[in-house]
Amino acid sequence: MKIMPSCTNELGFSDKDISHLETISGSRISYLSKTDNKGKLFSAVVNKYSSLKASYTGFTSSVVKIGNPEEIDDNLRTELRNSLLTMWPWRKGPFEIFGIYIDSEWRSNLKWDRVISSIKSPEGRHILDIGSSNGYYMFRMMEYNPSMVMGIEPYTNFYYQFMMLNSMAGINNIFTLPLRFEDVTSLDKKFDTIFCMGILYHRRSPVDFLTQIRKMLTGDGEVVLETLIIEGETHTALIPEDRYAKMPNVYFIPSIPVLASWLKKAGFRDIRCVDISATTAEEQRKTEWINTETLADFLKPDDNSRTIEGYPAPVRAVFIAGL
């Protein structure tokens, strides 16, 4: 399995970067495909369809489309659909793969629409997507002709979902590595845009995390930060006692003023909050393509303004910040 594009040097990665990324990614992929039970299953699925190449891709609408229905017969479509289902949960989407509609848990097009109008055009830019999941946002970026998009995604299901999708789509200037953020912070490579969506509240030290992101940006770079917030203008943050919306690893949920101060302390300038949106069942809901709980399970049955633990229900903000 190819780890990085062949033209990586031309994209600004040093020889040291390439060696580092290929070594740690290769080690991780080897473990997943040979030792980890889930990784072995998903690696086999990707390999099974490695010869299936789409003659058409479409990235300009809410549904990422890979392949036309007429490119495969109904028997193969049924087999492929069953194989895609084994890779669940499909969190991000929607996708249409050779006529197979993947109705993902999140209608990620809604978040994309809130983000894309407020950022610098991805055209010609070198982009990093932290926690890139199955690559939905990376594929949507293709409408704007970026030079390169690199995703990092440590979760086995989501990494192999991307590998499956791009094996069929064949987009040469995007790739995902099965790594954590800490694995890429030593790179010489700098990025023009860094997407960090749905990650910050999982970090024990948010200012340190944001500072490291800033160090990875070019001089005119910007971070696109989407995260949980608590509403209000007070300088406060919610620190869940145990879980938040059943998530065990949520450390800080800041107010807008606190989040702005974190970005400032991390060295960012031109800090803008461009959107605040409550998460609703229109955007996150149970579908055939997930095998886990979803938003409705995380809220009080008799009061959807509160999480099951009694905290304010999820509200998310999008911040854009530069250097």
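Is Phe98 buried or exposed? Phe98 is buried, with a relative accessible area of 0%; buried means under 20% relative accessible area, exposed over 50% and partly exposed in between, with a 1.4 Å probe and protein chains only. The model is predicted, so local features need pLDDT of at least 70 and side-chain atom pairs count only at pLDDT 80 or more, while totals for chains, interfaces and linings use all residues. Residues are numbered from 1 along each chain as its sequence is written, and side-chain values use heavy atoms, leaving out hydrogens and water.

Most residues other than glycine have a negative phi, and most peptide bonds are trans. Phe98 has a positive phi, near 50 degrees, and sits in the loop between β3 and β4 (100-102). Helices (H or I, at least four residues) and strands (E, at least two) are DSSP runs, numbered from the N terminus. Lys246 also has a positive phi, about 70 degrees. Its loop runs between β10 (237-238) and β11 (253-254), and Lys246 is partly exposed at 30% relative accessible area.

Two cis peptide bonds come next. One joins Trp88 and Pro89, with omega about 10 degrees; the other runs from Gly93 to Pro94, with omega near 15 degrees. Pro89 is in the loop between α3 (74-85) and β3 (95-97), and Pro94 lies in the loop between α3 and β3.

Helix α2 (residues 37-48) packs against helix α6 (residues 156-169) at an angle of about 10 degrees, with the axes 10 Å apart. Axes are lines fitted to C-alpha atoms, for helices over the stretch in contact, and angles run from 0 to 180 degrees between N-to-C directions. Therefore α2 is roughly parallel to α6, a term for angles under 35 degrees.

Terms used:
Angles under 35 degrees count as roughly parallel, over 145 as roughly antiparallel, 65 to 115 as roughly perpendicular and the rest as oblique.
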